[in-house]
Amino acid sequence: MTQTPGAGPYPTGTGGGPGPATPTPTPIAIPTRTLRLGVDVGGTFTDVVTVDLQGRVATAKVPSTPEDSSAGVIAGWRALNEHAPGVAVFAHGTTVATNALLERRGGRTALITTEGFRDIIEIGRQDRASLYDLTRHRPAPLVPRDLRFVVRERMGPAGVVVPLDRSSLALAVEAVATADVEAVAVCLLFGFLHPEHERAVGDALRERLPEVAVSLSCEVLPEFREYERMSTTVADAYLRPRLSAYLGRLAARSAEAGLPEPLVMQSSGGVADAGTAARRPARFVLSGPAGGVVGASYVADLSGFPNVLTFDMGGTSTDVAPVVAGRVQMTTEAVVAGVPLRLPMVDVHTVSAGGGSIAWVDDGGALRVGPRSAGAVPGPAGYGLGGEEPTVTDANLVLGYLPDGAELGGGLVLRRDLAERALARLGERLGLDARQAALGVVRVADTEMVRALRLISVQRGLDPRDFALVAFGGAGGLHACALAEELGSGTVLVPRAAGVLSAMGLAISEVRHDFLRPVLRTDVPDDDPEDDPGHGGDGLAAGFTELETAAAADLDGPSTQRLADLRYAGQSFELTVPGSTAEELVRAFHAEHERRYGHRIDDEPVEIVNIRLVATVPGATPDLHEPDLHEPDEPGDAVVGRRTVFTDSGPVDALVLDRTAMGRGSRVKGVAVVEFPESTCLVRPGWSGAVDDVGTLVLTRGAGKQAGTGREEPHRGARDENEEAGR
Amino acid sequence: MILDPITLSVLRSALAGIAEEMGTVLVRAAYSSNIKERRDCSAALFDAAGRMVAQAEHIPVHLGAMPESVAAVIARDPRPGDIWILNDPYTGGTHLPDITLVSPVDINGEIVGYGVTRAHHSDVGGMSPGSMPAGSRDLWQEGLIIPPVRLTDDVLALVCANSRTPRLRRGDFRAQVSANRVAQLRMTQLVARWSLATVLDGFDEVLAYAERRTREALRQLRDGVYRAATELEGDGVTDDDIPIEVAVTIDGDSARMDFTGTSPAVAGNVNCPLAVTRSACYFALRVLLPEDVPACAGTYAPLTIDAPEGSLVNARPPHAVVAGNVETSQRVADAVLAALSQVADVPAAGEGTMNNTVIGGRGWTYYETVAGGQGASSTGDGPSGVHVGMTNTLNTPIEALELEYPMRVERYELVEGSGGTGVHRGGDGIIRSIRVLEDATVNLLTDRRRHAPPGLAGGGPGAVGRNLLARFSTESAGDGAEEELPPKVARRLRAGDVVTVVTPGGGGWGGRT
């Protein structure tokens, strides 16, 4: 049964935080409210998707409005021409928090910490930014030294070592008051385990400065390791003024437009209400990419591919993420804009390479792509906005993968002649013509992408050959087949909504709250935990029950999953595994350790470090339906032309198909170009496929073996292996 | 050029990817925090002739040290399927805790290369827990010496039995073996994708490419001989300064670093096998190069190193060497950078020491290096509170430390104003105070306690570091008065005593305006 979580507020994030005392109203099911609206704000475009209960999808794309992106959100909604009263859920992905971190434009923030430890936020983990560039600094801490204040107190592993000194507290609070800040973070040593001093500091601040946002580490992230906890807490405080102001504006505009109160995508891949977002903004830093991974995972699963690597290639960056058995993978080790955030986040890896990445020749004579990007202005040479340097997009244009003369949004027209000129100049330095240079640019760019995809698979103990590649974003479909070949994967999926998949992910997302509690030093004998009732057992159950109580207070009838962070005694990295009892957890831990790191040590003691609870209220999971438009096997009306495209095996006369004129069962055989709204797919030689029931173009290589259903040999390239005889 | 520039780029990236993946597997699968958290390890891919074609170095001190390991193995007739192990500083190693595993990579039974991993194992026996004794006088006191031998189950059992932490060793070796396997797996795939001939051409081309990049950078420098001298503050036996001298010759697109004039090897443990000196020289060279130049044999081909045999920087057996790797390497790198500063735009001297702190008691050993100030440069202030030179390991979180050991950290802050003055200020050092809650011993291996890191272009020197001991315990009738300790020292501690390490600031850049 589909819930309608947009109807009421869902207070507080982490357990223990103070939330509004108002009871959650029971959602009332209004039959006419059947639409789920997802709006994703990107750097250039705002994407809008609605999905109804029958799985019908409507999409729109409008320019983003960077000054106040809530204007673009509403403009996007209006572009759909839907009726606001029909919207049951409005979910939103925002880069406001991300950009505030990247551009260091958060609120003016102070920090209060333990005397003697003022600079932890600056020293970090002591490592330098670059091994060999000795002039490079680490990204500046969010709180400069003159806004860091200390109180005389000290907690240790067993509790109070130095009692909280009231006069030093009064001094610190006054110093904060004079500093004229918008937010304060409080992080004291061992505050995660013994929060009494932190709470006392928080009370004093809230009393003296009621208008200032206060973030306590024991509420934001009650987890050991002081630097990461402090960094996360400081980010939380730093982002609150910006994100809450933005969400205030958005809520007002939404109400005006007759839309429900917006839900906001968290980095974890689940949405939370705007109140939580305003209060715990650090949880929303990867709001944007999370929607894409959720959308890709959802569509791939409907198409029958639970194991996929998502590949979202845009203009300046590319996001890749693994999805295993239909589950989006999570991490708590993310660093965003130089700020460690130890909060649950979709395990997405970003490389700064995209369509706009500039190709160049270095002083060793090698062809390089990126990390410099032509951005939106002047953009690729082929945009005709004055860009002179060749980009990946220019290479795709020269090779015929992108159409000459195509109109982009905002009156831009793609010009192959300009792209060719830029690539010819590059080719001169390499002794190649423009076309060879373009092939080279695409191959070098692909190599970087393959490295990223290997990283998020191999490093997690996953074999990329067992995974299908889901391509989306403007340029994803152009590169996907080549990447799959390099990875040894036999399947590429291009969802119908490839250009707006993040918004699709928002529309179908679940409501999610994460809870965490430390249980450090719980040594768990792994041979027979039942024998040792003093350890683990009872404490765990009580801890989980406490978290479940907090979850029930936050959400309306949530489903919950119990998890814990475990490690071998003395290790400094934990693995998060599901389970309720010590025995279950330890068993799951050994198995996960073996899967990820290739070995398990059964006779080694295991420690439980934290227990976690994930509470969710499911979103909608409508089946998507692709209409029948054509006789299968007949490209028919979908063919909009032919053009010569160049691949590494030479020029080919390729069919150009219009995806919007294709339907269920429509087939395509490489070499072909399929033009989607806002994205393009290149079907390389040896690839073929068809549109499936849910509208995904499923491409397979060779005999059509599909990744995920069987292993394949690594691809053997065009080069003759007998060449080695000469060596 | 045999390969077109595009194939070259693609192969270069693929080879770097293999080394990277090996390093990743090693760090992720390792058991001990020294490898897993502090990343005191490296991985590399070599060709059949023993030339390094790609390296994933996590700390610079491993930069130049692996070719000797591979050469030592090649000399012993390795066969496909072998795994070789070694740590002998005089036969392919650096210091005993750094254990190297070398695995031949074969295609159809023919050895085409080697996968190599090196990791700092936190205990390999010897006279003190942690195998970083301040007072060792010969190699045998520093731990188990492993000449290049095949790693069999029996050898593994022998090595682990000689460590105070055999379980950790076993886990870490497993991780190294897994990482070495990646080399075989990925090379097989690469050959299947490109053909053996192309991959082998790729090796040559990648080396030639890196060499071109280095030569291009050296060509930008004015020819000449540039000299610099520095000193090491004692060897743990005496506190006398030990001179280090270098003459760097730039000649067209090649360079020579000559250490004639440097002290003979000393009685204490600050001696360097040649591999350590080479790492320090490579580091200084890398500082001159654009960051994207790949790390491989070609990168260093234009460089010749002359280190007199039997000197501090090319010691012979059985000299003790454990601190050569962690302290002398810093001074060597600083000397070379000081010489290069006369001809290239490099930063002023950084703190120039790792401030090695080893505290141990009954059944526990804690090892940490403490960061300090980086030197300022023509482009800006020096970063504060960072590792400089040959290391870049992470700290142990205070909360993790206190949960693990009977110690309390009382202070961990920047020392404001400890960086040198100048148009651009040197980075600030750190003060770190630790109280022991049980009786224990402390070993400090530090430097720059008497001789400050100099400034550059008129900038002032960074503040010197200090080692302090405050006695608080009733047994020692302590009143908290602080005693100044020498740069290299071992002391017994009573419960309640506080050890404070103040690290040096970086040198400033540019005359006062």
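A crossing of two helices is called right-handed if the near helix is turned clockwise from the far one by less than a right angle, and I begin there because the first pair I want to show, in what is a predicted model, is described in those terms: helix 4 of chain B passes helix 5 of chain B in a right-handed crossing. On the residue level, B:Leu156, B:Val159, B:Cys160 and B:Ala161 of helix 4 meet B:Pro166, B:Arg169, B:Arg170 and B:Phe173 of helix 5, and by class these contact residues divide into 6 nonpolar, no polar and 2 charged. The two helices pack at an angle of about 140 degrees, with their axes 8 Å apart, which makes helix 4 of chain B oblique to helix 5 of chain B.

Let me turn to the sheet. Four strands of chain B form an open sheet in the order 12-11-15-18, paired antiparallel, and strands 12 and 18 stand at its edges, each with a single partner strand, so one side of each is left without a neighbour in the sheet. From one strand to the next the twist averages 10 degrees. Strand 15, residues 440–445, is joined to strand 18 by 6 bridges, and B:Val442 stands opposite B:Arg491 of strand 18.

Note on methods:
Residues numbered from 1 in each chain as written. Chains lettered and ligands numbered in written order. Predicted model: local features only at pLDDT ≥ 70, side-chain atom pairs only at ≥ 80, totals over all residues. Axes fitted to C-alpha atoms, helices over the stretch in contact; angles between N-to-C directions. Parallel < 35°, antiparallel > 145°, perpendicular 65-115°, else oblique. Contact = placed C-beta atoms within 7 Å. Nonpolar A, V, L, I, M, F, W, Y, C, P; charged D, E, K, R; others polar. Pairing = 2+ DSSP bridges.
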